[in-house]
Amino acid sequence: MKLYFKLLCDTARKRGAKVINIVHDLDSFSPKITVEQEIDLLNRCDILLTHNHMMRKWLQDQGCKVKMIDYEIMDYLHGTSGAPHQPSSRKYSIFFVGNASCTLNNYLYQLAEVMPDTDIYLYGTNPATQFTERLPNLHPMGFVKDTAIIARHQGDFGISWYGSSLDDGVGKGIYMNYNNPHKVSLYLRCNAPVIVWNKAGRAEFIEKEGIGISVDSLRELNARFARISTEDYEKMTENVMRVNQRLAAGYYLENALAQALAYLEKNNPPE
């Protein structure tokens with residue numbers, strides 16, 4: 001929310017209210033608004049609910065002075081999960097949801113070439129037919145509603161990577177270092193472990209919860225898959241199912257809000 005944000009915050013404070021702002025996106029990474037303008041707006045709040053530790057640190061480094069609490073991952077309320085995907089003989093497969101064009105996510109086609117024995121399922125628009133026709137391990141699934149993917153999908157690991165490089169998980173979209181994409185929450189609602197870049201903000205949560213793998217480069221995936229036993233994968237999916245239940249119930253936002261309210265109560269006792 002940018003329109004009337006300053007007026008809303010100032011009016012709320014004049015009336016004795018506190019402002020808790022849930023950060024969905026930071027527009028200063030686009031031409032919409034400057035960093036200075038965004039920080040000025042955010043400093044009018046009392047508490048910010050931020051995506052992760054990297055977003056929080058970036059805001060602090062830019063001059064944001066208000067209390068910040070990480071909500072760690074975006075809840076995903078709708079859809080009913082099916083059973084976790086069962087890999088056959090530890091031959092793990094990958095699935096991707098989103099725009100599969102070469103322009104945005106060329107890494108998918110490079111990955112298919114360096115991992116010719118790994119099936120990659122593409123749920124979404126604009127698959128590059130020049131690759132899918134000659135790479136038999138690429139499987140365009142077309143556009144499928146998220147609720148249908150959550151209920152039933154192909155693929156053992158969901159992948160959250162961006163751009164054209166196998167070695168840089170955010171490509172030119174540096175904001176992806178700090179952002180928690182809805183895509184990750186969708187994969188977890190599918191009861192699927194996820195693959196993320198180890199330098200991105202979401203990697204800490206994935207590793208802490210044991211719900212996937214973080215890699216420095218996708219060139220490592222073959223070796224990483226070879227080290228994941230059937231028992232390892234089952235343990236990951238058990239962890240994913242626990243997080244999945246929380247996502248479906250709105251746990252992460254509720255938890256962050258509870259922390260915010262406790263902080264306000266402690267630091268702003270009634271007169």
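This is a chat about side-chain contacts in a predicted model.

User: Hi! How many aromatic pairs does the structure hold?
Analyst: Hello! There are 14 aromatic pairs in this predicted model. Take Phe29 and Tyr178: their ring centres are 5.6 Å apart and the planes sit at 45 degrees, so this pair is tilted.

User: Nice. Where do Phe29 and Tyr178 lie?
Analyst: Phe29 is in the loop between strand E1 (20-22) and helix H2 (35-42), while Tyr178 is in the loop between strand E7 (157-160) and helix H8 (182-189), so the pair ties together parts that are 149 residues apart in sequence.

User: And is Tyr178 buried or exposed?
Analyst: Tyr178 is buried, because its relative accessible area is 15%. Phe29 comes out as partly exposed, at 27% relative accessibility.

User: Which residues form a cluster through ring pairs?
Analyst: Phe29, Trp58, Tyr175 and Tyr178 are linked that way.

User: What about Tyr109 and Phe131, how far apart are those ring centres?
Analyst: They are 5.0 Å apart, with 25 degrees between the planes, and the pair is stacked. Tyr109 belongs to helix H5 (residues 107-114) and Phe131 to helix H6 (residues 129-132), so the contact ties together parts 22 residues apart in sequence. Both Tyr109 and Phe131 are buried.

User: Which residue lies over the face of Tyr251?
Analyst: That is Arg246, at 4.8 Å from the ring centre.

User: Switching to charges: how many salt bridges are there?
Analyst: The count is ten. In one of them, Asp70 pairs with Arg56, and the closest N and O atoms are 2.7 Å apart. Asp70 lies in strand E3 (residues 67-70) and Arg56 in helix H3 (residues 53-61), so parts 14 residues apart in sequence are tied together. Asp70 counts as buried at 18% relative accessibility, whereas Arg56 is partly exposed at 24%.

User: What does Glu113 meet in a salt bridge?
Analyst: Glu113 meets Arg134, at 2.5 Å from N to O. This pair links distant parts of the chain, with Glu113 in helix H5 and Arg134 in the loop between H6 and strand E6 (138-142), 21 residues apart.

User: Which residues are linked in a network of salt bridges?
Analyst: Asp10, Asp40 and Arg44 are.

User: Last one: which residues form a nonpolar patch on the surface?
Analyst: Met1, Leu3, Tyr4, Leu7 and Leu8 do, with about 610 Å² of accessible area together. Met1 sits in the segment before helix H1 (5-14) and counts as exposed, with 63% relative accessibility.

Technical notes. Residues are numbered from 1 along each chain as its sequence is written. This is a predicted model: local features need pLDDT of at least 70, side-chain atom pairs count only at pLDDT 80 or more; totals for chains, interfaces and linings use all residues. Side-chain values use heavy atoms; hydrogens and water are left out. Patches are made of residues with over 30% relative accessible area and no salt bridge: like charges are joined within 9 Å, nonpolar side chains (Val, Leu, Ile, Met, Phe, Trp, Tyr) within 5 Å. Accessible areas come from the Shrake-Rupley method with a 1.4 Å probe; for residues, only the protein chains shown count as cover. A salt bridge is a side-chain nitrogen of Lys or Arg within 4 Å of a carboxyl oxygen of Asp or Glu. Helices (H or I, at least four residues) and strands (E, at least two) are DSSP runs, numbered from the N terminus. Buried means under 20% relative accessible area, exposed over 50%, partly exposed in between (1.4 Å probe, protein chains only). Rings of Phe, Tyr and Trp (its six-membered ring) pair if their centres lie within 6.5 Å; planes under 30 degrees apart count as stacked, over 60 as edge-to-face and the rest as tilted. A charge sits over a ring if NZ of Lys or CZ of Arg is within 6 Å of the ring centre and within 35 degrees of the ring normal.
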